[in-house]
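Take a look at the chain below.

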Amino acid sequence: MKIWLDGGLQDIESARVSVFDHGLTVGDGIFETVKATDGRLFGLTRHLNRLTRSARGLGLPDPDHDEVRRACTAVLDANPMPLGRLRITYTGGHGPLGSDRGEHGPTLVVAVGETTRRPDSTAVITVPWTRNERGALTGLKTTSYAENVVALSRAHQHGCSEALFANTVGQLCEGTGSNVFVVLDGEIHTPPVASGCLAGITRELVVEWTGAKETDLPLDVLQRADEVFLTSTLRDVQAVHRVDERELPGAPGPVTAKAMRVFDERSGDDQDP
């Protein structure tokens, strides 16, 4: 297995990032996860644009898109696999043991790991913790991910693959690594970015391709929605068959099934929409 680290391919056994890297010591970094199918990346341009938005939000230098593309190509060529999770990580680099940044410049790591296609439906839980829709990191895909680790662990303890958050005013927001959609009277709705959710790439495409509406939704909409589904880079569109103790028999329902079909068709036609 080879990864890209600061300018070139390295063996995973010998690649080293400083123990003083700000991404490690204070979570000062950003990342993107990109789906790789037989060496072809899906939606890379949109992912790179979001990487830049996240970098600017943290005050990091803009990542060099050409370098990141070269790194992605090199890593995929060196590690062929049918379905992969490619991870681009970009941190504040070597820094002091505190919140101030150093002068060494950012660290870029690109790695890939093999994965499998997700099942057509899954179970989710809601958690008591909230997303802060007014926080400094809201809308940025940062490496400060510990609250997602805690929430996802809670989900796994309950036999679920995802945990869903409300925001601080009780509106439905997002999952630990996914966006959430609900079907009400045949119409698809998803929380707006103003709710505090990440502007997911798959979310963005589903809104464009299905006409889903961005709507402020109370958390308890999950208890009355006709259908619920998740979107993310590796889930694509995935139906939900259970929310907490509520079963949604027959998932994927007809609207979700159509969204799944549309996404599969459109994404198959264009790898970089």
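A disulfide is a pair of cysteine sulfur atoms within 2.5 Å. By this rule the model, which is predicted, has 0 disulfides. Consider C197. Its closest cysteine sulfur belongs to C173, at 5.4 Å, and that is too far for a bond. C197 is buried, at 1% relative accessibility; buried means under 20% relative accessible area, exposed means over 50%, and partly exposed lies in between (1.4 Å probe, protein chains only). C72 is also buried, at 1% relative accessibility.

A word on the ground rules. Residues are numbered from 1 along each chain as its sequence is written, and side-chain values use heavy atoms, with hydrogens and water left out. In this predicted model, local features need pLDDT of at least 70 and side-chain atom pairs count only at pLDDT 80 or more, while totals for chains, interfaces and linings use all residues.

Now the backbone. Most residues other than glycine have a negative phi, and most peptide bonds are trans. D236 has a positive phi, near 55°. This residue lies in strand β14 (residues 236–243). Strands (E, at least two residues) and helices (H or I, at least four) are DSSP runs, numbered from the N terminus. D236 is buried, with a relative accessible area of 5%.

D244 has a positive phi too, near 55°. D244 sits in the loop between β14 and β15. At 21% relative accessibility, D244 is partly exposed.

Move on to P252. The peptide bond from A251 to P252 is cis, with omega near 0°. P252 falls in the loop between β15 (246–247) and α6 (254–269).
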